[in-house]
Each structure stands twice: as C-alpha cells, then as structure tokens.
Amino acid sequence: MHLLIPSARLRQVALLAGALGAMALARMPARAATTPNPEADRLAFRAYFKQRFPAVKNGDWGNGPYAVNAGMRQQWEAIMQFPPYDFALGDGEKEFHRRFADGKTYADCFPDKGIGIRQNYPYFDTKTGKVITLGIAINRCRVANGEKPLNYQKGLMASIEAYMAHTSRGKPFDIKIPNDPRALAAYEDGRKFFYSRRGQLNFSCASCHVQAAGQRLRGDILAPALGILAAFPIYRSDWGSMGTIQRRFTSCNVQVRSVPFKPQDKTYRDLEYFLSYMSNGVPITGPGARP
Amino acid sequence: MKTRITFAALAAFLMASPAFAQPAAAPTTGPAAGRAIAFNRSLGNCLACHTMKGGDVPSNVGPMLNDMKLRFPDRKVLFQILWDEEKRNPQTVMPAFGKNLILDRRQIEAIIDFLYTL
C-alpha cells in the first residue's frame, strides 16, 4: 500500500512533468522532427559492427556467433558435417514442389518460381500498406490455392522457408523501402521496437545484439544484429527443432520476461522489415544451426 | 460454538500439514543463501552475465566478480547496483533486480553477503 501516491502529490508530479515538457518543447529548435533516413541508419549500423569486429568478412555476418568466435566456429563446423536442418530441408523441398488440389504449386505464387528470392523478403506491399514477410506470402499462396494456412513459428512453415532460403544462399539481402510514407512509418516502427527496452529484465533487442554482441552468456555467444536474420530459419538445439524468425522474436520477448506479440503481428513484421533492411548487402546463409 | 471449534481444529490441522508449512529450514540470509539465490536461473541468474568463483561459466557480459570487499567497501553502493543500476548508468544491461521486483530487499542483502566472500 505504501506504493500508492496521494492524489495531491500525483497532481503535483503531473504539473511538474507538464511544465518540464513545455520547457523542453520551447527549447527545441524551430524545425520539424528529423525525417527518418534508413540508408544513413544502415551505413551507421554496419560501420558500428565493422568497427567492433574488424576481422569479419561481409559473407560471414550471416553466420552469427560463429563469425565472431573461433572456438564456437570449430564446434559448428563439426556439427555441419551432418547439418541438423537437413530433414526439414528435404521436407521443405518436397512440399514446395507438391501439387495443390488445383494443380498449381508454390512456384506459381512467387516471382522467379520462388527460387533464389528469399533475400527480397520482407517487402512493403503498397497495395495493402503492410509489410509482407516470407511466411505471410507462403500462407497467402496456400489459402489462394485451397490449402489451410500453416503455423508461423515451426513445422512445415519452417521447412518450406528452409528450402527457399537454401535456393537463395549467397544472395545479398535486398530490402526496398518504396517511396510511400507508410513504408517509412513501418520501418520507423520496427526501428523503435528494436531499440526500446521491455519486460521485467528491461532489455531491448539492441541490449543483447548490439551492445553485448559477441559477448558470452554462459556458454553461448550473443549474435551481432548485423546479418542475424540471414541464417533463418534455424535449427536451434535449445528448441530441438526448426524455428522461423517469428518464433525467435516470440522466444526472445519471453526471455526478457515481457508479453510476446502474436507471430506476424504488425510489430513483429515491422521489426523484421527494419532488421532485414539493416542487413542489406549481407548474403543469405539459411537455413542455419544454432545452439 | 460447535462450528467455531470445528473451524479452529480444521485451521490448526491445515496449518500443520506440509502444504501450509513454511518453506523448509533453508536459510534466507547469509552467504550460503545468497549464493543459492545468485546461482538460481529464475532468481539472480548472475552467472548468465558474470564470471565468479564457483560458477564455472565463461560469461563476460558483465564484469568478473572478485575482490568485492576491496572494490565495494561501501555496502550501500553495491546494494544500489543490484537494486537499480539503471539509475547510475542508463545504458546498463544489468537488470534492476529491486526496482523491477525480481528480488526482494532480503534476497539482495543475502547476495551481497555472498558477493563479499568473493
């Protein structure tokens, strides 16, 4: 009960806050708030990681912790003799080429028959004004052809994405922000989420993957945010199964003891949009394997 | 009257049953209790980020915890770091264990007792 603030005190605090706010506004220079500049953000983002990890080559950012830690890399190279995502990759390839009841396949839903295109996702759809992730596009394709939508976090969805990523290996992320204020707003929304703290532990995405990137959390190495999505979907030993980007967002949010959003919620799609844009130029490495 | 007696008897019985008993005799203060809280993954989870004697982990997100008495002769300073390090350093990734109700005052004091043995 001692936490209750008497209403008089509360009013006093509110008044003070209001006054301070007004003073801050009055002191601000007379110009519009800074316009978002994604390309300047991206260059600064990249430069930060380049400076932190000067030895990492561009093609290696998509290998996360293994790019920045020699010991971990050795273990990983041994694991990759028999990649733990191989079964999912096989399932995904089979599913991708399966004919739907109407005779069509996934290839009919995507540019270039869906081969070698993972690096272009997510994209901003100027028709609907929304960010379309690869997962959304896959489910749209299914529904349009009379199939049930898949779970966005694991299972067959992760397998199909694994196959699509595999056919795109080596192709650099190429995320576009069209000249549409809604696209820029989605980018900004994702950027703000990335840098905002949340949960009982009060971590932002950046707390771990920018600030503490490359550092050790018990036996694990925190992956640098640059290129972090290039390896998805991943087989994560901790899960004992494959997971999509959306699964990772959810589990990260739970780990910082915050309430996660639903997979493919606008916030998570915008976050994926921002984070993928930051990695423009980094080649796709997925599917990946992580501890 | 009869009802009241029955109720009292029932209450006494319940209080004596294991389900209502206080947690077993594990100490809640002192270095041993502090160590248990510090190493518990859902409480202090200090080993996630810090290396310290007896921890057997290579974590290095936060600084190594050693010579604590020498480095933090003022117990209040250490308490404040555990309670709300964001106050001193807004950029920190050290969770505000007290402020965010992850640990209570007594648990933090116990951890400090333990830290002073390092």
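**View 1. The two domains of chain A.** In this predicted model, chain A is divided into domain 1, which covers residues 38–84 together with 176–290, and domain 2, which covers residues 86–166. The C-alpha centres of domain 1 of chain A and domain 2 of chain A lie 21 Å apart. Where these two domains touch, 27 residues come from domain 1 of chain A and 24 residues from domain 2 of chain A.

**View 2. The side of domain 1 of chain A that touches domain 2 of chain A.** Four elements of chain A, namely α8 (181–195), β6 (241–243), α10 (245–255) and α11 (266–278), each supply at least two residues of this side. Of these, α11(A) gives the most, with five residues.

**View 3. A sheet of three strands in chain A.** Strands of a sheet pair through backbone hydrogen bonds, and the pairing may be either parallel or antiparallel. The sheet shown here is open, its three strands follow the order β6-β5-β7 (chain A), and its pairing is mixed. The edge strands are β6 and β7 (288–290) of chain A, each of which pairs on one side only. On average, and with direction ignored, neighbouring strands of this sheet are turned by 35° against each other. Strand β5 (residues 234–236) of chain A and β7(A) run parallel and are joined by three bridges. Within the sheet, R236(A) stands opposite R290(A), a residue of β7(A).

**View 4. The contact between chain A and chain B.** This contact takes 11 residues from chain A and 13 residues from chain B. On the side of chain A that touches chain B, the elements giving two or more residues are α9 (205–211) and β3 (216–217) of chain A. The residues of this side of chain A divide into four nonpolar, five polar and two charged.

**View 5. Two crossing helices of chain B.** Two packed helices are described by the angle between their axes and the distance between the axes. Here the axes of helix α2 (residues 30–39) of chain B and helix α5 (residues 105–115) of chain B come within 7 Å and cross at roughly 105°. Because angles of 65 to 115 degrees count as roughly perpendicular, α2(B) is described as roughly perpendicular to α5(B). Among the residues that make the contact are P31(B), R35(B) and I37(B) of α2(B), together with I111(B), D113(B) and F114(B) of α5(B). The residues of this contact of α2(B) with α5(B) divide into eight nonpolar, three polar and two charged.

Terms used
Residues numbered from 1 in each chain as written. Chains lettered and ligands numbered in written order. Predicted model: local features only at pLDDT ≥ 70, side-chain atom pairs only at ≥ 80, totals over all residues. Contact = placed C-beta atoms within 7 Å. Nonpolar A, V, L, I, M, F, W, Y, C, P; charged D, E, K, R; others polar. Domains from an automatic or database assignment. Pairing = 2+ DSSP bridges. Axes fitted to C-alpha atoms, helices over the stretch in contact; angles between N-to-C directions. Parallel < 35°, antiparallel > 145°, perpendicular 65-115°, else oblique.
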